[in-house]
Amino acid sequence: MGRASPILMVLFTFGFAFGTYNLVTMVIRNRSVRNWVSDDSNGGVFFDPVVEMPENVKKLKNSKTPYHVALTATDAPYSKWQCRIMYYWYKKKKDLPGSEMGGFTRILHSGNPDELMDEIPTMVVDPLPAGLDRGYIVLNRPWAFVQWLEKAKIDEEYILMAEPDHIFVRPLPNLSHGGMPAGYPFFYIKPEQNEKIIRKFYPEENGPVTNVDPIGNSPVIIRKDLLEKIAPTWMNVSLKMKDDPETDKTFGWVLEMYAYAVASALHGVQHILRNDFMLQPPWDLEVGERFIIHYTYGCDYNLKGELTYGKIGEWRFDKRSYLRGPPPRNLSLPPPGVPESVRVVSLVDWLLEHAYFYPLALSFDLVGGRFAPARG
């Protein structure tokens, strides 16, 4: 009486061990996945937006830590209209609850002032010497940051490196914590798959190739003193990569992004990877809880609202269609069925074009990634 039979004890032990094994296996498997994305047809995502953040930096901050917003730009019309829209939404979100935005600088690497100097806070820096960028204009970005960091008086301790084609859709807090910057994991930046090339610039003695984060320099929120160390290395690695034919051919238009990731690793700096930092239409369908829209991709749809990527759609929004100036006044609205992220991008650009060039026509305001009647 009161004793369990030996057979029952064996069965109980086996069952407990099997259940524990399944649980541990599931946890290990899920921890190895960077982005937990569902098959939800509405574009829903199921993941912890903070990827690979150590427990000791997950603590909530008790006070605001402002950051300075900085983006590099050219004096081309294509760059100007994007900068105007970006700066507009910065001003709209800067003072809202949850925001830790500080000052703003457009780093103009044309070498000469332009007509936006009085509209957007701007510092003019020099471009690379003629011919050094070999037609790859983005090589000027790290050199522009090097000059800005040397010459500018920056009050904030942190810096957000942004781009003209970023739209703030929610107030952005400082996602960086202490010595760990925050970055966005790009699906097409794959250091491990390109280890042979990465090792040309990040030798084995520096550590595993997994030290190189799958990021670019933007968006990144980083401590100013860290960026001051990384920026010159980022510039030099970019130039060396461009000089190497295999690297140039393999990395193409994202070469400078890889260069930033490698430069950070060379300085022992890794980033907190924030999936909620940004979304990229048309691949990300909903704005959700993300902070920035990056409208770098063309969005092509038929009139049924079906994506026709790679083929010009019956309806399209592609920033490259407007190299000589902003989207026109009569830009058509997307057809029914087009994802929320694409609707927001097309409407933001259309409305802001009205706001800047037809001031009385602006009658909407972006609220949490959606449009609502403007107030006041």
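Pro219 is placed in the loop that runs between helix H4 (195-201) and strand S8 (220-223), where helices (H or I, at least four residues) and strands (E, at least two) are DSSP runs numbered from the N terminus. The peptide bond that joins Ser218 and Pro219 is cis, with omega about 0 degrees. This is a predicted model, in which local features need pLDDT of at least 70 and side-chain atom pairs count only at pLDDT 80 or more, while totals for chains, interfaces and linings use all residues. Residues are numbered from 1 along each chain as its sequence is written, and side-chain values use heavy atoms, with hydrogens and water left out.

The chain has a mean pLDDT of 82, with 76% of its residues at 70 or more; pLDDT is the predictor's confidence in each residue, from 0 to 100. Over residues 6-48 the pLDDT stays under 50, and the model has 27 contacts beyond four places in sequence for this stretch, a contact meaning heavy atoms within 4.5 Å. Residues 357-376 also have pLDDT below 50, with 42 contacts in the model beyond near neighbours in sequence. Where pLDDT is low, the predicted coordinates should not be read in detail.

The chain contains 8 helices and 15 strands, and buried residues make up 52% of its 376 residues; buried means under 20% relative accessible area, exposed over 50% and partly exposed in between, for a 1.4 Å probe and protein chains only. Among contacts between residues at least 6 apart in sequence, 70% join residues at least 24 apart.

Tyr301 belongs to strand S12 (residues 299-301) and is buried, with a relative accessible area of 2%. Among the residues that Tyr301 touches beyond four places in sequence are Pro282, Trp315, Val338 and Val342. Tyr301 and Val338 are 37 residues apart in sequence, yet their C-alpha atoms are 7.6 Å apart in space. Pro282 is itself in the loop between strand S10 (278-279) and strand S11 (292-294), and the peptide bond from Pro281 to Pro282 is cis, with omega near 5 degrees.

Elsewhere in the backbone, Arg134 has a phi near 50 degrees, a positive value in a residue other than glycine; Arg134 is in the loop between strand S4 (122-124) and helix H3 (140-151).

| Site | Angle |
|---|---|
| Ser218 to Pro219, cis | omega about 0 degrees |
| Pro281 to Pro282, cis | omega near 5 degrees |
| Arg134 | phi near 50 degrees |

The largest pocket holds about 780 Å³ of space. Of the 34 residues that line the largest pocket, Val138, Arg141, Glu163, Asp165 and Lys319 are the closest to its centre. Strand S2 (67-73), helix H2 (77-94) and helix H7 (255-266) each supply at least two residues of this lining, and the largest share, 3 residues, comes from H2. A pocket here is an open set of points on a 1 Å grid over the protein atoms alone, where a 1.4 Å probe fits, with protein on both sides within 12 Å along at least five of seven lines, and lining residues have an atom within 4 Å of a point; the volume is the space filled by probe spheres set on the points, which are joined across faces, edges and corners.
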